Amino acid sequence: MAALLDDDRLFPLDSAARDLARALYGSVRDLPIVSPHGHTDPRWFAENAAFSDPAQLLVVPDHYIFRMLVSQGVGLDALGVPRADGSVVQTDGRAIWRLFAANYHLFRGTPTRLWLDHTFETLFGMEVRLSSQTADLYYDRIAECLATDAYRPRALFERFNIETIATTEGALDPLDWHRQIRESGWTGRVITTYRPDAVVDPDFEGFGANLVRLGEITGCDTATWSGYLEAHRRRRAFFRELGATATDHGHPSADTASLSRAEAAALFARVAKGGASPADANLFRAQMLTEMARMSVEDGMVMQIHAGSWRNHSASVFASHGRDKGFDIPRRTSYVDALKPMLDVVGMEPGLTIILFTLDETVYSRELAPLAGVYPCLRLGPAWWFFDSVEGMKRFRAAATETAGFYNTVGFNDDTRAFPSIPARHDVARRVDCGFLAEQVRAGLLVEEEAAELAHDLAYRLAKTAYRL
């Protein structure tokens, strides 16, 4: 029995189902990791420099960690999270680590605790729980490891058995780090993903300046609707040159629209001049989802829609520390009505793949599974973000499978900024799915041979196929 991890964690309690889950898991545990959507920094793999200290590796970049600590009154500055204006925050890695360790008990019962304990034991060989008393033991052990070549980014990539990892870059990103990776001769496959939010969301800070910059780097007249669309086509092509197979769209709703060309041009003219009304901003985002789907039909890029988050909910934290600081909150989201304009245009396109994510679990069986269960272009992304958890994964499988089946889903992706958590997250997903399949066999819904094939599909093949990797 390991000190931090139970070998049979997350498997069913019924002994027969547990035995089968254990066998299924054993057949997929060591499969390569396909990580088709994430937020790891391509600079890590380009420069292959040593991670500076344990806090910078595990605490500072991970919003799952600092949002919990903030909820208990710990300030972002004390955790070393950079401020938007570059002003001073805590930079002493050991001080940050001690603060984290003193509050580690807050993560009991959360998926973050599972991921971290997996990382601590399997990557750094820890055998005692993190606490105030063991904080320095942990820090010194991890720091000692990070000083060796075996813990540099490329070595960890290979140790984690990652076959492909896709990062996410904005439409204006020059992709220099990806180019450097390609030119380095290293064989690890790190590709980019096209995320155009900054130039399709009129509420995005600096939207007007972003449009100007988009025109400058593409040579297109982004003051016109036709020039603006052509600029997107050129950027998508540029991203594909650096390996991109997918786009990603983080909209507050799943609303789509199907305006005439004249209506769309007039709408663009209104939002491009600045000061767009909330109605125009929402309509423009909706129209752009349809335009991006049309472009995916043209160029074959997989389209991901991450809808339903009220991003940067705290105005004060957004002002002080910027985006993606743990204050993105789920909200109710409609899909049946919202997606119909886009689906009327592209829904029956056999070569198109649109992957839908949600933060509203109430729509799994009512909306998402029925939609993906009939439209050939639609697939369901895994339980995402707040539901990237043991119970969240179980609820997703139970709610979606009866209507959409397994093969209208896309396996698992880890959506992480915390590089060392990637194998831990995939391990959790593989264990949960094997447990679900074992219970399906015990209920007479599958035979063991089918469950074994599905375990492989859910752990590896579906993601590889859906994202065209």
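Which residues of strand β6 point one way, and which the other way? I looked this up in a predicted model. Ala 246 and Asp 248 point to one side of β6, while Thr 247 and His 249 point to the other, and all are buried.

Next I checked the pairing of β6. Strand β7 (residues 302-306) runs parallel to β6, and 4 bridges join the two. Thr 247 has Met 303 of β7 as its bridge partner.

**Helix α6**

I compared the span of α6 (residues 111-124) with what its 14 residues should give at 1.5 Å a residue. Of the 14 residues, 11 are buried, so the helix is largely enclosed by the rest of the structure. Among the buried ones I listed Trp 115, Asp 117, His 118 and Phe 124. The buried residues of α6 pack against several helices, including α3, α5 and α19. Just after the helix, Gly 125 has a positive phi of about 70°.

**Gly 322**

I found Gly 322 in the loop between α15 and β9. Its relative accessibility is 14%, and buried means under 20%, so Gly 322 counts as buried. Arg 83 is 239 residues away in sequence, yet the two C-alpha atoms are 7.2 Å apart. Beyond its neighbours within four places in sequence, Gly 322 is in contact with Ala 84, Asn 312 and Val 317.

**Cysteines**

I looked for disulfides and the structure holds 0. Cys 145 is buried at 14% relative accessible area, and Cys 434 is buried at 1%.

**Salt bridges**

How many salt bridges does a search of the whole structure find? The search gives 38. I looked at some of them.

Arg 442 pairs with Asp 14, with 3.7 Å between the closest N and O atoms. Arg 442 is in helix α19 and Asp 14 is in the segment before α1, so the pair ties together parts 428 residues apart in sequence. Arg 442 is exposed at 52%, whereas Asp 14 is partly exposed at 40%.

Arg 285 and Asp 203 meet at 3.1 Å, N to O. This pair links helix α14 to the loop between α10 and α11, 82 residues apart. Arg 285 is buried at 8%, but Asp 203 is exposed at 51%.

Glu 291 and Arg 294 form a salt bridge at 3.2 Å, N to O. They are 3 residues apart in α14, which means about one helical turn separates them.

Conventions
Residues numbered from 1 in each chain as written. Predicted model: local features only at pLDDT ≥ 70, side-chain atom pairs only at ≥ 80, totals over all residues. Heavy atoms only, no water. Buried < 20%, exposed > 50% of the residue type's maximum accessible area, 1.4 Å probe, protein only. Contact = heavy atoms within 4.5 Å. Disulfide = S-S within 2.5 Å. Expected span 1.5 Å × (residues − 1). Pairing = 2+ DSSP bridges. Salt bridge = Lys/Arg side-chain N within 4 Å of Asp/Glu carboxyl O.
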